[in-house]
Amino acid sequence: MLDIIADMHCHTIASSHAFSTVLENIQAAKKRGLKLIAITDHGPALSDSPHPYYFFNLRVLPRQIDGVYLLKGIEANIIDYDGNVDIPEDFKDNFEWVIASMHVPVLEPGTRDDHTRAWLGVCKNKYIDVIGHSGTEIFKCDYECVIKAFKANNKIVEINSSSFKIRDGAVTNCREIARLCKKYEVPIIIDSDCHFALNIGQVEDALKMLSEIEFPEKLIINTNFEKLVKNIKQIRGRDILK
Ligand SMILES: [Zn+2]
Ligand SMILES: [Zn+2]
(Lines give C-alpha, C1' and ligand atoms only; values in the text may rest on other atoms or scores of the structure.)
(Ligands and ions follow the chains in the order given, each with its own letter.)
Protein backbone atom coordinates (compact mmCIF):
# COMPACT_ATOMS: atom_id res chain seq x y z
CA MET A 1 0.00 0.00 0.00
CA LEU A 2 1.28 3.41 -1.04
CA ASP A 3 1.90 5.91 1.74
CA ILE A 4 3.52 9.30 2.24
CA ILE A 5 6.76 9.96 4.13
CA ALA A 6 6.29 13.72 4.41
CA ASP A 7 3.39 16.06 5.06
CA MET A 8 4.18 19.37 3.40
CA HIS A 9 1.11 21.39 4.36
CA CYS A 10 0.64 21.71 8.13
CA HIS A 11 -0.69 24.55 10.26
CA THR A 12 0.34 25.49 13.79
CA ILE A 13 -1.27 27.65 16.48
CA ALA A 14 0.38 30.61 14.76
CA SER A 15 -2.68 30.45 12.48
CA SER A 16 -5.32 31.08 15.09
CA HIS A 17 -7.81 28.52 13.75
CA ALA A 18 -5.27 25.70 14.19
CA PHE A 19 -4.63 23.91 17.45
CA SER A 20 -1.11 22.47 17.71
CA THR A 21 2.43 23.71 18.20
CA VAL A 22 5.46 22.93 16.03
CA LEU A 23 6.66 20.42 18.61
CA GLU A 24 3.28 18.69 18.82
CA ASN A 25 3.22 18.44 15.03
CA ILE A 26 6.73 17.00 15.04
CA GLN A 27 5.85 14.43 17.71
CA ALA A 28 2.73 13.39 15.82
CA ALA A 29 4.70 13.16 12.57
CA LYS A 30 7.31 10.97 14.22
CA LYS A 31 4.67 8.68 15.65
CA ARG A 32 3.08 8.45 12.22
CA GLY A 33 6.47 7.46 10.70
CA LEU A 34 6.96 10.65 8.68
CA LYS A 35 10.48 11.85 7.93
CA LEU A 36 9.67 15.47 7.14
CA ILE A 37 6.98 18.10 7.62
CA ALA A 38 6.60 21.62 6.29
CA ILE A 39 4.88 24.17 8.46
CA THR A 40 2.85 26.45 6.26
CA ASP A 41 0.83 28.98 8.19
CA HIS A 42 -1.40 31.46 6.41
CA GLY A 43 -0.10 34.54 4.62
CA PRO A 44 -0.94 38.02 5.98
CA ALA A 45 -4.02 38.69 3.83
CA LEU A 46 -6.06 36.20 5.86
CA SER A 47 -7.20 37.59 9.21
CA ASP A 48 -5.88 34.64 11.22
CA SER A 49 -2.35 35.00 9.84
CA PRO A 50 0.56 35.19 12.31
CA HIS A 51 2.17 38.49 13.19
CA PRO A 52 4.76 39.50 10.51
CA TYR A 53 7.63 38.84 12.97
CA TYR A 54 6.63 35.18 12.99
CA PHE A 55 7.71 34.67 9.38
CA PHE A 56 10.93 36.56 9.96
CA ASN A 57 11.66 34.48 13.02
CA LEU A 58 11.12 31.08 11.39
CA ARG A 59 14.91 31.09 11.14
CA VAL A 60 15.23 30.16 14.84
CA LEU A 61 13.73 26.74 14.17
CA PRO A 62 16.24 23.95 13.52
CA ARG A 63 16.33 21.84 10.39
CA GLN A 64 15.65 18.67 12.32
CA ILE A 65 13.82 18.00 15.57
CA ASP A 66 13.78 14.58 17.18
CA GLY A 67 14.71 12.94 13.87
CA VAL A 68 12.04 14.69 11.79
CA TYR A 69 13.13 17.24 9.17
CA LEU A 70 11.38 20.59 9.16
CA LEU A 71 10.81 22.96 6.25
CA LYS A 72 9.80 26.53 7.01
CA GLY A 73 7.06 27.59 4.69
CA ILE A 74 3.93 29.61 4.14
CA GLU A 75 0.54 29.07 2.59
CA ALA A 76 0.27 32.30 0.65
CA ASN A 77 -3.09 33.71 -0.39
CA ILE A 78 -3.91 34.52 -3.98
CA ILE A 79 -5.21 38.07 -3.66
CA ASP A 80 -6.56 38.85 -7.14
CA TYR A 81 -7.41 37.32 -10.50
CA ASP A 82 -4.00 38.32 -11.87
CA GLY A 83 -2.55 35.72 -9.52
CA ASN A 84 -0.72 38.09 -7.17
CA VAL A 85 0.04 36.59 -3.75
CA ASP A 86 0.71 37.90 -0.24
CA ILE A 87 4.18 36.46 0.43
CA PRO A 88 5.70 39.01 2.84
CA GLU A 89 8.08 41.04 0.68
CA ASP A 90 10.88 41.35 3.25
CA PHE A 91 11.10 37.60 3.86
CA LYS A 92 10.49 36.31 0.35
CA ASP A 93 13.88 34.66 0.11
CA ASN A 94 13.67 33.02 3.55
CA PHE A 95 10.85 30.61 2.85
CA GLU A 96 11.78 27.05 2.07
CA TRP A 97 8.38 25.91 0.85
CA VAL A 98 5.65 28.10 -0.59
CA ILE A 99 2.10 26.99 -1.30
CA ALA A 100 -0.33 29.35 -3.07
CA SER A 101 -4.05 28.88 -2.40
CA MET A 102 -7.36 30.59 -2.99
CA HIS A 103 -9.27 31.42 0.19
CA VAL A 104 -12.48 33.28 0.86
CA PRO A 105 -12.72 36.12 1.88
CA VAL A 106 -9.30 37.17 0.56
CA LEU A 107 -10.45 36.20 -2.92
CA GLU A 108 -14.13 36.31 -3.70
CA PRO A 109 -15.24 33.61 -6.12
CA GLY A 110 -15.55 34.94 -9.67
CA THR A 111 -16.11 33.26 -13.00
CA ARG A 112 -14.37 30.15 -14.26
CA ASP A 113 -12.27 32.40 -16.50
CA ASP A 114 -11.29 34.62 -13.55
CA HIS A 115 -10.00 31.60 -11.60
CA THR A 116 -8.17 30.24 -14.63
CA ARG A 117 -6.48 33.59 -15.17
CA ALA A 118 -5.45 33.73 -11.51
CA TRP A 119 -3.73 30.33 -11.69
CA LEU A 120 -1.97 31.31 -14.91
CA GLY A 121 -0.69 34.39 -13.08
CA VAL A 122 0.53 32.26 -10.17
CA CYS A 123 2.54 30.19 -12.65
CA LYS A 124 4.72 33.22 -13.42
CA ASN A 125 5.76 33.62 -9.78
CA LYS A 126 9.10 31.93 -9.19
CA TYR A 127 8.65 31.95 -5.41
CA ILE A 128 5.71 29.54 -5.51
CA ASP A 129 6.39 25.81 -5.34
CA VAL A 130 2.98 24.25 -4.87
CA ILE A 131 -0.53 24.85 -6.17
CA GLY A 132 -2.71 24.45 -3.05
CA HIS A 133 -6.12 22.70 -3.00
CA SER A 134 -7.06 23.73 -6.54
CA GLY A 135 -10.07 21.40 -6.50
CA THR A 136 -12.21 23.78 -4.42
CA GLU A 137 -15.69 23.86 -5.98
CA ILE A 138 -16.27 27.61 -5.59
CA PHE A 139 -13.00 28.31 -7.46
CA LYS A 140 -13.55 25.93 -10.36
CA CYS A 141 -11.44 26.70 -13.41
CA ASP A 142 -10.38 25.32 -16.77
CA TYR A 143 -8.42 22.39 -15.33
CA GLU A 144 -6.99 21.25 -18.66
CA CYS A 145 -5.56 24.72 -19.33
CA VAL A 146 -4.10 25.29 -15.86
CA ILE A 147 -2.63 21.81 -15.41
CA LYS A 148 -0.70 22.25 -18.67
CA ALA A 149 0.54 25.62 -17.39
CA PHE A 150 1.59 24.12 -14.02
CA LYS A 151 3.62 21.55 -15.91
CA ALA A 152 5.23 24.18 -18.17
CA ASN A 153 6.19 26.29 -15.14
CA ASN A 154 7.43 23.48 -12.87
CA LYS A 155 4.72 23.87 -10.27
CA ILE A 156 3.78 20.91 -8.10
CA VAL A 157 0.07 20.21 -7.84
CA GLU A 158 -1.22 19.44 -4.37
CA ILE A 159 -3.82 16.76 -3.79
CA ASN A 160 -5.21 18.00 -0.50
CA SER A 161 -6.79 15.23 1.53
CA SER A 162 -8.73 17.65 3.75
CA SER A 163 -10.55 18.84 0.63
CA PHE A 164 -12.33 15.50 0.42
CA LYS A 165 -14.00 16.21 3.76
CA ILE A 166 -14.44 19.94 3.98
CA ARG A 167 -14.67 21.36 0.49
CA ASP A 168 -17.93 20.64 -1.32
CA GLY A 169 -17.57 19.12 -4.75
CA ALA A 170 -13.86 18.63 -4.24
CA VAL A 171 -13.92 14.86 -4.65
CA THR A 172 -14.97 15.05 -8.30
CA ASN A 173 -12.72 18.02 -9.01
CA CYS A 174 -9.65 16.47 -7.36
CA ARG A 175 -10.18 13.31 -9.33
CA GLU A 176 -10.32 15.32 -12.56
CA ILE A 177 -7.18 17.27 -11.58
CA ALA A 178 -5.32 14.04 -10.75
CA ARG A 179 -6.46 12.45 -14.01
CA LEU A 180 -5.04 15.42 -15.94
CA CYS A 181 -1.78 15.35 -13.94
CA LYS A 182 -1.45 11.72 -14.93
CA LYS A 183 -2.19 12.54 -18.58
CA TYR A 184 0.32 15.41 -18.75
CA GLU A 185 2.83 13.87 -16.31
CA VAL A 186 2.66 16.68 -13.77
CA PRO A 187 4.28 15.95 -10.38
CA ILE A 188 1.92 16.00 -7.43
CA ILE A 189 2.22 16.11 -3.66
CA ILE A 190 -0.27 14.57 -1.24
CA ASP A 191 -0.88 16.67 1.88
CA SER A 192 -3.17 16.58 4.90
CA ASP A 193 -3.49 20.38 5.40
CA CYS A 194 -3.82 19.49 9.07
CA HIS A 195 -4.95 22.04 11.64
CA PHE A 196 -4.48 19.63 14.55
CA ALA A 197 -1.49 17.41 15.22
CA LEU A 198 -3.43 14.15 15.35
CA ASN A 199 -4.48 14.69 11.73
CA ILE A 200 -0.93 14.95 10.46
CA GLY A 201 -0.18 12.56 7.62
CA GLN A 202 -3.81 11.54 7.32
CA VAL A 203 -4.24 11.37 3.58
CA GLU A 204 -6.16 8.13 3.15
CA ASP A 205 -8.95 9.72 1.06
CA ALA A 206 -6.44 11.12 -1.41
CA LEU A 207 -4.51 7.84 -1.59
CA LYS A 208 -7.70 5.91 -2.23
CA MET A 209 -8.72 8.19 -5.12
CA LEU A 210 -5.23 8.06 -6.65
CA SER A 211 -5.21 4.30 -6.46
CA GLU A 212 -8.64 4.14 -8.14
CA ILE A 213 -7.36 6.08 -11.14
CA GLU A 214 -4.08 4.13 -11.15
CA PHE A 215 -2.01 7.25 -10.64
CA PRO A 216 1.69 6.47 -11.23
CA GLU A 217 3.83 6.62 -8.09
CA LYS A 218 6.75 8.12 -10.01
CA LEU A 219 4.78 11.39 -10.23
CA ILE A 220 4.12 11.60 -6.47
CA ILE A 221 7.02 13.43 -4.87
CA ASN A 222 6.38 12.59 -1.20
CA THR A 223 6.25 8.81 -1.11
CA ASN A 224 10.01 8.38 -0.91
CA PHE A 225 12.46 10.44 1.14
CA GLU A 226 15.36 10.39 -1.33
CA LYS A 227 13.04 11.40 -4.16
CA LEU A 228 11.62 14.23 -2.06
CA VAL A 229 15.07 15.53 -1.08
CA LYS A 230 16.10 15.45 -4.75
CA ASN A 231 12.95 17.33 -5.77
CA ILE A 232 13.42 20.00 -3.09
CA LYS A 233 16.99 20.44 -4.29
CA GLN A 234 15.85 20.85 -7.89
CA ILE A 235 13.00 23.20 -7.03
CA ARG A 236 14.55 25.28 -4.26
CA GLY A 237 18.28 24.80 -4.94
CA ARG A 238 18.61 23.72 -1.31
CA ASP A 239 20.05 20.49 0.01
CA ILE A 240 18.06 19.95 3.21
CA LEU A 241 20.38 17.21 4.35
CA LYS A 242 23.26 19.68 4.73
ZN1 LIG B 1 -5.81 26.61 2.38
ZN1 LIG C 1 -3.86 25.10 4.71
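Predicted model: local features only at pLDDT ≥ 70, side-chain atom pairs only at ≥ 80, totals over all residues.
Let's begin with the whole chain. It has eight helices and eight strands. The radius of gyration is 16 Å, close to the 18 Å that the globule rule gives for 242 residues, so the chain is as compact as a globular protein of that length. Of the 242 residues, 45% count as buried. The contacts tell a story about the fold too: among those with a separation of 6 or more, 78% are between residues 24 or more positions apart.

Now step inside. In soluble globular proteins, nonpolar side chains tend to be buried together. Here the largest nonpolar core holds 67 residues, and the members that touch the most others are Ile37, Val98, Ala100, Val122 and Ile188. Take Ile37: setting aside its neighbours within four places in sequence, Ile37 is in contact with Ala6, Asp7, Cys10, Asn25, Ile26, Ala29, Val68, Leu70 and Ile200.

Ala100 is the other landmark. With 30 C-beta neighbours inside 10 Å, Ala100 counts as buried, since 20 or more is what it takes. Beyond the neighbours within four places in sequence, Ala100 is in contact with Ala76, Ile78, Val85, Val122, Ile128, Ile131 and Gly132. One of these partners, Val122, is itself on the list of core members that touch the most others. For a sense of distance, Asn84 is 16 residues away from Ala100 along the chain, and their C-alpha atoms are separated by 9.7 Å.

Follow the chain on from strand E5 and you come to a loop with a backbone feature to look at. Most residues other than glycine have a negative phi, and most peptide bonds are trans. The bond from Val104 to Pro105, however, is cis, with omega near 5°. Pro105 is found in the loop between strand E5 (97-101) and helix H3 (112-123).

Helix H3 brings us to the helix packing. H3 and H4 pack at an angle of about 0°, with their axes 9 Å apart. These two helices are therefore roughly parallel to each other. To see the meeting surface, display Thr116, Trp119, Leu120 and Cys123 in H3, which meet Cys145, Val146, Ala149 and Phe150 in H4.

H4 has another partner. The axes of H4 (residues 143-152) and H6 (residues 170-184) come within 10 Å and cross at roughly 50°. That angle makes H4 oblique to H6, and the crossing is right-handed. Here the residues from H4 are Tyr143, Glu144, Ile147, Lys148 and Lys151, and they meet Glu176, Ile177, Leu180, Cys181 and Tyr184 in H6.

Past H6, there is a backbone angle to check. Glu185 has a positive phi of about 55° although it is not a glycine. This residue lies in the loop between H6 and strand E8 (188-191). Is Glu185 buried or exposed? With 10 other C-beta atoms within 10 Å, Glu185 is exposed. Glu214 also has a positive phi, of about 50°, without being a glycine. You will find Glu214 in the loop between helix H7 (204-212) and helix H8 (225-236), where Glu214 is exposed, with 7 other C-beta atoms within 10 Å.

Asp90 sits in the loop between strand E4 (68-77) and E5 and is exposed, with 10 other C-beta atoms within 10 Å. Asp142 is 52 residues from Asp90 in sequence, and the two are 33 Å apart in space, C-alpha to C-alpha. Arg236, in helix H8, counts as partly exposed, with 15 C-beta neighbours inside 10 Å. The C-alpha atoms of Arg236 and Val203 are separated by 25 Å, and the two residues are 33 apart along the chain.

Technical notes:
Residues numbered from 1 in each chain as written. Chains lettered and ligands numbered in written order. Core = buried A, V, L, I, M, F, W, Y, C linked by C-beta atoms within 7 Å. Buried ≥ 20, exposed ≤ 12 C-beta atoms within 10 Å, placed from the backbone. Contact = placed C-beta atoms within 7 Å. Helix = DSSP H or I, 4+ residues; strand = E, 2+ residues; numbered from the N terminus. Rg over C-alpha atoms; globule rule 2.2 N^0.38 Å. Axes fitted to C-alpha atoms, helices over the stretch in contact; angles between N-to-C directions. Parallel < 35°, antiparallel > 145°, perpendicular 65-115°, else oblique. Left-handed = near helix turned anticlockwise from the far one by under 90°.
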